[in-house]
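Trainee: I am new to this structure. Could you take me through it, one question at a time?

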Amino acid sequence: MSQLLGFAGSEDFFPGGSLYRNPKEPSLFLSLGHHVDVYFPPRKRSRISAPFVFNGESFEQKKQTCIDILPDECLFEIFRRLPGGEERSACACVSKRWLSLLSNISRDEFCNKKTETDDLEIQDDGCLSRSLEGKKATDIRLAAISVGTASRGGLGKLSIRGNNSGCGVTKVGLRAIARGCPSLKVLSLWNLPSVGDEELSEIASGCHLLEKLDISHCASITDKGLIAVAKSCPNLTDLVIESCANIGNGGLQAFGQYCTNLKSFSIKACPIVGDQGIAGLLSSATFVLTKVKLQSLNITDVSLAVIGHYGKAVTDLMLTSLPNVSERGFWVMGTAYGLQKLKSFTVTSCQGVTDGGLEAVGKGCPNLKQICLRKSPLVSDNGLVSFTKAAGSLESLQLEECHRITQFGLFGSLLNCGTKLKALSLINCLGIRDLNLGLPALSPCKSLQSLCIRNCPGFGDISLTYLGKLCPELEHVELSGLEGISNSGVLELLKNSEPGLVKVNLSGCVNLTDKVVTEITELHGWTLEVLNLDGCRKISDASLAAVANNCLLLCDLDVSRCGITDSGITALATSKHLNLQILSMSGCSMISDKGLPALVKLGQSLLGLNIQHCKAINSRSVDLLVERLWRCDILS
């Protein structure tokens with residue numbers, strides 16, 4: 001410093017005296033520090049504040065220096081010598097330039113090996129999750145995530161969702177993630193048209209621990225990017241690809257070849273994916289692949305034959321909208337006898353599902369426990385009965401928009417399902433007609449515990465009477481949207497429940513009255529936990545009084561759009577044993593401010609209260625409820 005300023009050393013300074021002949025000049029310098037015993041009387045500050053260098057009595061102004069004038073190479077060398085993650089995070093907050101430089105330093109390039117090793121032990125845990133959506137999905141934010149998460153446990157899960165207006169994520173941002181987040185295990189890329197093979201290759205090069213990859217609506221990604229991931233990420237277990245127009249067979253074959261731990265894959269709406277890709281993936285992952293979802297693909301019967309032959313470990317299979325798959329495909333899949341471990345099978349909008357194919361699946365899958373058939377217009381009563389006979393382990397049967405199924409198929413499946421069927425659902429099946437079939441004495445299905453009949457307009461009291469005789473062990477019953485049923489049919493079904501009903505849903509059954517509720521509460525009040533009467537317009541305060549008197553365990557009550565008044569709410573509040581947790585009264589126009597004290601009393605146990613569209617309750621009362629029932633979530 002003495003050479004720079006041109007004086008000999010500390011002996012040039014004298015306590016109590018001025019350093020210069022001109023008394024105004026000392027104000028031009030920064031403080032000399034507490035170790036210098038020198039006094040300068042206050043002077044008028046000079047307008048020139050830049051530092052000077054002097055030699056003798058002459059002064060030369062020096063240009064102000066700043067670290068920003070250093071080139072990136074110098075800053076890079078400085079940053080790679082920082083001792084730890086906290087220091088790097090602090091430096092990253094200085095400017096975008098510093099953030100960009102720090103995010104491009106990989107862990108192998110840091111000099112402080114001991115501290116870096118400690119940081120990586122924490123980072124490898126991958127305990128942090130981050131999500132960027134819409135306009136927030138930019139390279140700058142990804143760089144900040146890369147630097148900031150390194151010293152806080154490591155990034156384990158990252159989700160990036162763009163929008164149709166474009167996204168700011170490019171190779172720069174994903175490169176920062178690849179270099180700074182080696183612990184990344186779960187990556188989701190949704191709706192990112194600017195992300196292509198190069199960006200995905202950056203992730204593959206740095207995130208070798210990746211286990212789950214979800215790519216959706218990324219039109220620029222091709223097989224080249226997937227091959228890079230498959231080669232670099234051998235630990236991959238879950239793969240989801242949706243609506244990626246340029247992904248074909250090569251990428252799927254690569255996953256089958258290199259990812260030996262792949263357990264689940266889902267492919268949807270990828271037009272150039274064909275039989276070769278499905279066959280290459282399945283044939284290579286025969287003994288590890290457990291979940292397969294194929295939706296809206298141009299595959300043929302060949303793919304189903306491959307599934308039937310190589311799916312030896314598959315437990316869950318979902319097939320949706322496969323227009324080129326015929327009856328032969330399902331038949332071959334079943335008769336190949338490779339799906340011995342299949343437990344859950346879901347088929348939606350596949351015209352190839354017929355009676356013969358369905359029966360073959362039942363015979364070829366001895367451990368099948370759950371099947372869901374949606375929009376299968378070619379499945380008839382004969383096919384359904386044959387399937388239930390063949391599938392001896394079946395526990396759950398769901399039929400949705402299967403319009404060729406009639407009463408014969410419904411009752412026939414119950415009579416032939418064996419002793420394991422526990423749940424049966426019919427949803428939007430228009431082929432059901434309420435006919436008096438004159439059936440003889442029937443052997444009951446004592447295993448069935450859950451019954452759901454939803455929006456089947458032809459379902460009536462006669463069908464309910466038969467079901468009451470066939471199903472004496474019901475605990476969960478849903479009869480929703482059935483405008484053709486009345487009190488008598490519902491009572492014939494519900495009165496035969498021997499173990500006692502636990503959940504009852506009668507929403508949308510407009511012809512039911514208080515008589516049904518009274519009977520249900522008297523017969524099953526000791527077991528009933530959930531009661532849904534939404535849209536039953538003829539239900540009045542008498543039903544709430546019956547609930548208050550008979551239901552000991554009821555925790556969820558829905559009387560939305562019913563004819564109840566404040567008196568009914570008061571009856572509930574006066575019950576000594578009722579312990580409601582959820583109460584829904586949406587659209588009850590006769591509930592007013594007079595019922596406020598009763599609601600407050602009920603609120604001692606309530607966790608959820610729905611009073612939407614109760615027009616007779618004013619805003620002041622709602623505010624009071626919110627204040628008094630601070631534990632309760634109130635919808636108003």
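**Surface, core and salt bridges**

Trainee: Is Leu552 buried, partly exposed or exposed?

Mentor: Buried means under 20% relative accessible area, exposed over 50%, and partly exposed in between (1.4 Å probe, protein chains only). Leu552 has a relative accessible area of 46%, so Leu552 is partly exposed.

Mentor: A word on the model before we go on. It is predicted, so local features need pLDDT of at least 70 and side-chain atom pairs count only at pLDDT 80 or more, while totals for chains, interfaces and linings use all residues. Residues are numbered from 1 along each chain as its sequence is written, and side-chain values use heavy atoms, with hydrogens and water left out.

Trainee: Where does Leu552 lie?

Mentor: Helices (H or I, at least four residues) and strands (E, at least two) are DSSP runs, numbered from the N terminus. Leu552 sits in the loop between α20 (541-550) and β19 (556-558).

Trainee: Which residues touch the most other members of the largest nonpolar core?

Mentor: A nonpolar core is a set of buried Ala, Val, Leu, Ile, Met, Phe, Trp, Tyr and Cys residues joined through side-chain atoms within 4.5 Å. The largest one has 159 residues. Helix α22 (residues 596-602) gives the largest share, five residues. The members that touch the most others are Phe265, Phe345 and Leu609.

Trainee: What is Phe345 in contact with, leaving aside neighbours within four places in sequence?

Mentor: Contact means heavy atoms within 4.5 Å. On that basis, the partners of Phe345 are Leu317, Leu319, Phe330, Met333, Val361, Leu368, Gln370, Ile371 and Cys372.

Trainee: Why are the buried residues of α23 on the same side?

Mentor: Helix α23 spans residues 619-628, and its buried residues are Ser621, Val622 and Leu625. The arc is that of the directions from the helix axis to the C-beta atoms. These residues are on the same side of α23 because they cover an arc of only 100°.

Trainee: Which exposed residues does the face of α23 turned away from its buried side carry?

Mentor: The buried residues of α23 have cover that includes α22, β21 (608-610) and β22 (633-635). The face turned away from the buried side carries Ser619, Arg620, Asp623 and Glu627.

Trainee: Is His524 buried or exposed?

Mentor: His524 lies in helix α19 (residues 514-524). Not counting residues up to four places away in sequence, His524 touches Leu494, Ser497, Gly500 and Leu501. Its relative accessible area is 3%, so His524 is buried.

Trainee: How many salt bridges does the structure hold?

Mentor: Side chains of opposite charge can pair when their charged atoms come close. A salt bridge is a side-chain nitrogen of Lys or Arg within 4 Å of a carboxyl oxygen of Asp or Glu. The number in this structure is eight.

Trainee: How many residues apart in sequence are the parts that Arg454 and Glu478 tie together?

Mentor: The side chains of Arg454 and Glu478 meet in a salt bridge, 2.9 Å from N to O. Arg454 is in strand β15 (residues 450-454) and Glu478 in strand β16 (residues 476-480), so the parts tied together are 24 residues apart.

Trainee: What separates Glu359 and Lys363 in helix α14?

Mentor: Glu359 and Lys363 form a salt bridge, with the closest N and O atoms 3.3 Å apart. They are four residues apart in helix α14 (residues 355-364), so the separation is about one helical turn.
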